[in-house]
Amino acid sequence: MYFLRRLLSLIPLLLVISFLAFVLVRLAPGGPFDRERKPASPEIERQLQAKYRLDQPIWKQYIAYLGDLARGDFGPSLKYRNHTVTDIIAQALPVSLLLGAMAFGFALGVGIPVGYYTAVKRGRWEDYAGSLFSILMVCIPGFVIAPLLVMGFAIHWRLLPVALWASPWHAILPVAALGLFFSGRIARLMREGMLNTMQAEFVTAARAKGLSEHTLLLKHAFRLAVLPVVSYSGPLLADLLTGSFVIETIFQIPGIGIFIVNGSLNRDYTMVVGLVILYATLLVVLNLLVDFLYTLLDPRVKYE
Amino acid sequence: MQIAHRATGKNPLARFFFWRRLPRWSRRVAPIVSSLFILPSSFVLTSCGHREPPANITICNANEPESLDPHIVTGVSEMRITKALFDGLTRLEPRNAAPVPAIAERWDISPDGRTYTFHLRPNAVWSTGEPITSADVVWSWFRALNPATAGDYAGQLFYIKGAEDWYNGKIKEPSQVGIRALDDRTVQVELNSPLAFFLELCSFPTLAVVPRQVIEKHGDRWLHAKPLPTSGAFTLGAWRVNDKVRLLRNPRYWDAANTASEIIDVLPTGSPNTALNLYETGVADIVWDKDLVPSELMDVLGKRPDFHSFTYLGTYFYRFNVTKPPFNDARVRRAFALATDKNRIISKLTKGAERPATHFVPEGVANYSAATAPGFDPDAARRLLAEAGFPGGKGFPRVNYTFFGAAGGGAKLHGKVGIELQQMWRDVLGIAVELRQIERKVFYSSQSKLDYDVSMSSWIGDYNDANTFLDLFTSTSGNNRTGWKSDRYDALIKEANLQTDLQKRAEIFRLAETILIADEAPVVPVYFYAGFNYYNDAKIKGIWQNILDEHPMQYIYKKGRGVKGN
């Protein structure tokens, strides 16, 4: 019931967000048809504005837009004029979803064990090595890691393709480049969570009762220690699933991240609003999923 | 040990026991989390399973095409593709980019140079088999002239009698427009005045012949129609956004026998480094956009034998806003021009085959003889500035140099040029110019609104004729963007375009250009662009360098992998 209510509250939220995006992107200076060359006649420009309803007052444009939206139509892209925004989302989003999900898996797969292990081995050399790794990954941005990976694995050793999106082999480098950064963050969250939990009273109590260290840590402590990672996962996954401009550009991957950035640079109004709605929906739904996971992991959490 | 034994045991129940031994919470969470990965991974395995045949040639072209509708496209990279798909009455041959017959096999020109009669090729057919008739040509041109098509380049047809009035709705009767089908195979075109470059214009995408049958049915999304009838040497095999455009040889093309490659992949590459990586690892055969050359590597790349540079039909320059002081005074503008050391910008920044621009129209343009403007002359610059009332730069108002910035590609250069110019003007004239970097769309909007003092600018010609550069600065041109108006200049450009004697015409252009760059100087040319293509000569054939950077794809093939077995 609680989750259903949350899901329903998404509708007014999206209305507000889409309205803000709709107005703000139009308030930004410069327009979609400001280019290096002007058409030969001002009439041509006027026609372009009329074709995309840009000559009408904003509120009229917005109402017409909502009408289209109700029919599931995000409108035509003002930049890619043979495509609708829906066309582009349909082609590019699956690629970003795939890349993002794999990078998310990579980040969790590397980050959680590293974080767990460094916490357990606190103060020993394993801790220092693991923490150095996570600090490095957090500090080095994707546009540095990605070219380094390409240089090593694709150009020097010729093991993997340099770019493009054609086979599972093509996914390895971008997934690693995208996932490494987040694996560092997750490792740090996990280590913190683990250290905090290990000082909790119930852990001491369990230990006093003679529970084996292994059972204690994996079965009881881990479950609570992973909570910060879980709450971080919602926004992280929304971020990863909607693509990365940098990684998609470097590896020439046909994902949605490029459109999010270029859409606003190109003042592609319909594209920007469509993608904002998409991103907001993902974010809300994933946060909801996180809250749901909480109820499973932490018996103290209950929603009415 | 026991657990491990059970888990790997042959009994199917063993797995279940292993499962039971996991903490209870993880048994509930695991399905949710794992479905997040299993779904996409299974998607990878299935979607990557389908294999396309490899392309004969793979080309890195700049950026995802905005459109592949020839009547709408504005960018060079899009036009390269549309020209492979849709022919005009003429097309450009690959060596010198001169117009040669395409859908029209021959034409007659009236003695006054104003009426062209085109005879269409009897074997010209759509890729779907129907004949291409004069009605298709007339319909296509009227579509390009239809305001609802909203093509930026509709103005390319305004040279035709009545076309502009038709576009603006002043004429309602199509028969008053100088485009007529005399019979199934003959199209007659009447121009406002003789036009030295009309045959070349007929190869321009805006004048391409497009398929009425699908456009009327599918509207803006007609390029997604299957099958898509094309009039050019290729058909559209696939168009996946930001992935690739795949071109397939059109076997019904009238000149199909000379189409050298079966499949060409055109990649929308946004980053110069990625383009170079793809090329170096053999994925791409050709990289052919000047924005796809990493400028940091120009010193190294420029010396390689597979790196081909050539004079390009483009000029890098800066504009003055002449509508307000101090640049409403021609002496101030000329002083700035004289203080600009163009050689330094080339040797220090562009480092390629660019040439210092002593005039506005690039070298090598047809129907043109160059005007001259004085070059770098600090003393003369200071004298002029003193005459204008600012000796040694004293009392000069604060002005800005406006440009747009970008993190990568060719646009990185604009900021560097700005810094260099700022330094020259400070050292020579004693003037402090403020650098103002803004976003690209804001930049073009401020340039149009004359919201700047000095503005970085560039222009790539649309066709190989001096007019494509000089008519920018007529007082009615939307691309003038300086506020500068000169009746004499307007009159000269008009006179030149009425002149049928090409030598006399070039002379009139020279007089006009002298006003533009030497006397009035609302603009200062800095350098002429150089174009770059990289490909291995020994392997890739059928590609040549010319001023228009025109490389019809139908001639390009990889040695040993061409259609004709060559």
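Strands (E, at least two residues) and helices (H or I, at least four) are DSSP runs numbered from the N terminus, and two strands pair if DSSP finds at least two bridges between them. The model shown is predicted: local features need pLDDT of at least 70 and side-chain atom pairs count only at pLDDT 80 or more, while totals for chains, interfaces and linings use all residues. Side-chain values use heavy atoms, without hydrogens and water; residues are numbered from 1 along each chain as its sequence is written, and chains are lettered from A in the order in which they are written.

**View 1. An open sheet of four strands in chain B.** The strand order is β4-β5-β7-β6 (chain B), with antiparallel pairing. β4 (104–109) and β6 (179–183) of chain B are the edge strands; each has a single partner, so one side of each lacks a neighbour in the sheet. Neighbouring strands are turned by 25° against each other on average, direction ignored. Angles run from 0 to 180 degrees between N-to-C directions, with axes fitted as lines to C-alpha atoms, for helices over the stretch in contact.

**View 2. The pairing of β4(B) with β5(B), and the helix on the sheet.** Five bridges join β4(B) to β5 (residues 115–120) of chain B in the antiparallel sense. B:Arg106 lies opposite B:His119 in β5(B). Helix α5 (residues 134–144) of chain B packs on the sheet and touches β5, β6 and β7 (186–190) of chain B; contact means heavy atoms within 4.5 Å. The direction of this helix makes about 170° with that of β6(B).

**View 3. The interface between chain A and chain B.** Here 62 residues of chain A are in contact with 64 residues of chain B. The buried area is about 5800 Å², 59% of it from carbon and sulfur atoms; this is the accessible area (1.4 Å probe) that two parts lose on being put together, summed over both. In chain A, A:Glu36, A:Arg37 and A:Asn82 lose the most area to chain B, together 14% of what that side buries.

**View 4. Salt bridges between the chains and within chain B.** A salt bridge is a side-chain nitrogen of Lys or Arg within 4 Å of a carboxyl oxygen of Asp or Glu. Six are counted between chain A and chain B, including the one between B:Glu439 and A:Arg267 (2.8 Å, N to O). Within chain B, B:Lys244 and B:Glu52 form another (2.9 Å, N to O). This pair links distant parts of the chain, 192 residues apart: B:Lys244 is in strand β9 (residues 244–249) of chain B, and B:Glu52 is in the loop between α3 (24–47) and β1 (57–62) of chain B.
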